[in-house]
Amino acid sequence: DPTSLRVQRRVVSTIACRVLRRLPTKAILTLLKEHLGSLLAILSKEAPAASPGESNKVCVLLVLETVYAVLDYGEHKDALHGIIGKEQLSNRTLTVHLMDFVDKQRHLPALSSASAEPKQAELSLAFHQAVQNLLVTLIRRTQTKDKFYTRYVFQNTVWTKIVDTTTPIELPVHISFKQSNDELAVFRSKYMVSSAATASSSSRSGGAALPDADMGSLSQSLSSLPSLFGYKSSSGPSRAAFIRQSSAGEEEVGMLVLDDDPLSRNACMRPFLAAIQRLGHLLGVAKSSTADLPEWMQPLCDTLSSPDTHLNVRLFIAKLLINHRKAADASNTADLFRPHASHFF
């Protein structure tokens with residue numbers, strides 16, 4: 001039953017990963033020594049898509065991803081590879097064996113809700129996301145050259161297998177013009193919004209109030225905003241803000257806030273962000289906005305810019321860039337994409 005498989009996967013992976021993150025290194029290595037053989041046996045078995053075998057593989061992939069995320073690979077590499085003999089892995093190390101396995105697995109066909117039951121399609125999506133996440137984590141924790149990131153993390157990623165392209169992404173928002181005069185004054189002084197510009201924008205949009213619900217398509221809704229600006233609230237997350245002219249002729253500032261963020265909930269978002277952050281530590285940040293686009297960044301730029309790329313994938317990559325900027329702001333580090341913005345637009 002796909003429903004019970006989905007519940008099983010969530011329970012097993014959540015408990016296992018949370019326990020692993022709290023264990024000392026020695027305990028993790030001891031557990032691996034006892035169970036790694038059986039875990040690899042599960043991965044090596046042929047399992048049809050959306051089957052109990054594939055659900056078990058998802059659990060194993062999540063556990064192995066957590067192991068590599070927790071362990072200091074440089075310090076424990078020999079112990080990690082010594083857990084299982086090379087002769088059992090065709091004379092390869094565990095890391096190389098896993099990288100080869102997941103690189104092959106991510107090119108397996110994926111089920112979609114258009115060709116399969118929704119629950120089967122969900123399990124297929126979870127499997128491909130788990131495969132991608134283990135590969136990204138392996139690269140991030142074991143490699144120091146950007147060519148590996150270019151090839152495995154960004155260049156050969158099959159985006160349509162880790163982002164649901166069968167269902168339109170819904171971005172429900174809440175809009176409120178009920179802001180205090182103080183907030184309006186701060187907003188205007190920070191962004192130097194002139195009354196003339198605001199009035200002009202309002203007249204173009206007809207000065208009509210936007211609905212609080214059922215906004216229609218994202219592009220149509222945003223194009224109808226009077227004036228749209230980035231705004232970081234001191235009491236909340238980054239938001240979009242805009243100004244309109246009220247019926248009484250006074251300026252009002254409104255806040256546009258996502259009530260739900262399905263793009264950031266994608267299971268692959270955090271591993272991708274961690275990989276980009278790691279690249280920042282390895283390569284540093286371009287010192288000039290005229291610098292050439294780094295090789296690892298080119299696949300992202302090409303995929304985002306291509307009209308042949310599915311809209312859901314383009315939205316996911318765009319959100320990845322935005323989330324990286326937020327993470328950089330929060331950690332007081334540099335935004336790697338900022339010097340290369342002209343290449344993306």
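**Entry 1: a starting residue.** I began with Asp329, which is partly exposed because its relative accessible area is 40%; I take buried as under 20% relative accessible area, exposed as over 50% and partly exposed as in between, with a 1.4 Å probe and protein chains only. I note that this is a predicted model, in which local features need pLDDT of at least 70 and side-chain atom pairs count only at pLDDT 80 or more, while totals for chains, interfaces and linings use all residues. Residues are numbered from 1 along each chain as its sequence is written, and side-chain values use heavy atoms, with hydrogens and water left out.

**Entry 2: salt bridges.** I looked up the partner of Asp329 and found that its side chain meets that of Arg325 in a salt bridge at 3.6 Å, N to O, the rule being a side-chain nitrogen of Lys or Arg within 4 Å of a carboxyl oxygen of Asp or Glu. Arg325 is partly exposed at 28% relative accessibility, and because the two residues are four apart in helix α15, about one helical turn separates Asp329 from Arg325. For helices I use DSSP runs of H or I with at least four residues, for strands runs of E with at least two, numbered from the N terminus.

By this rule I count three salt bridges. One of them joins Lys104 to Asp100, with the closest N and O atoms 3.4 Å apart; these residues lie four apart in helix α5 (residues 94-105), so about one helical turn lies between them. I recorded Lys104 as exposed at 54% relative accessibility and Asp100 as partly exposed at 28%. Asp103 forms a salt bridge with Arg106, with the closest N and O atoms 3.1 Å apart, and here both Asp103 and Arg106 are buried.

**Entry 3: aromatic pairs.** I then turned to the rings and counted eight aromatic pairs, where rings of Phe, Tyr and Trp (its six-membered ring) pair if their centres lie within 6.5 Å, and planes under 30 degrees apart count as stacked, over 60 as edge-to-face and the rest as tilted. Phe154 and Phe272 have ring centres 6.2 Å apart and planes at 25 degrees, so I logged the pair as stacked. Because Phe154 lies in helix α7 (residues 146-155) and Phe272 in helix α13 (residues 269-283), the pair ties together parts that are 118 residues apart in sequence. Both Phe154 and Phe272 are buried.

Phe272 also pairs with Phe316, their centres being 6.3 Å apart and their planes at 65 degrees, so this pair is edge-to-face. It links distant parts of the chain, 44 residues apart, with Phe272 in helix α13 and Phe316 in helix α15 (residues 311-331). I found Phe272 at 0% relative accessibility and Phe316 at 1%. Ring pairs link Phe154, Phe272 and Phe316 into a cluster that also includes Trp159, Trp296, Phe337 and Phe344.

**Entry 4: the whole chain.** The secondary structure comes to 16 helices and four strands, and 41% of the 345 residues count as buried. Among contacts (heavy atoms within 4.5 Å) with a separation of 6 or more, 72% come from residues 24 or more positions apart. The protein exposes about 18400 Å², of which carbon and sulfur atoms supply 52%, the areas coming from the Shrake-Rupley method with a 1.4 Å probe, where for residues only the protein chains shown count as cover.
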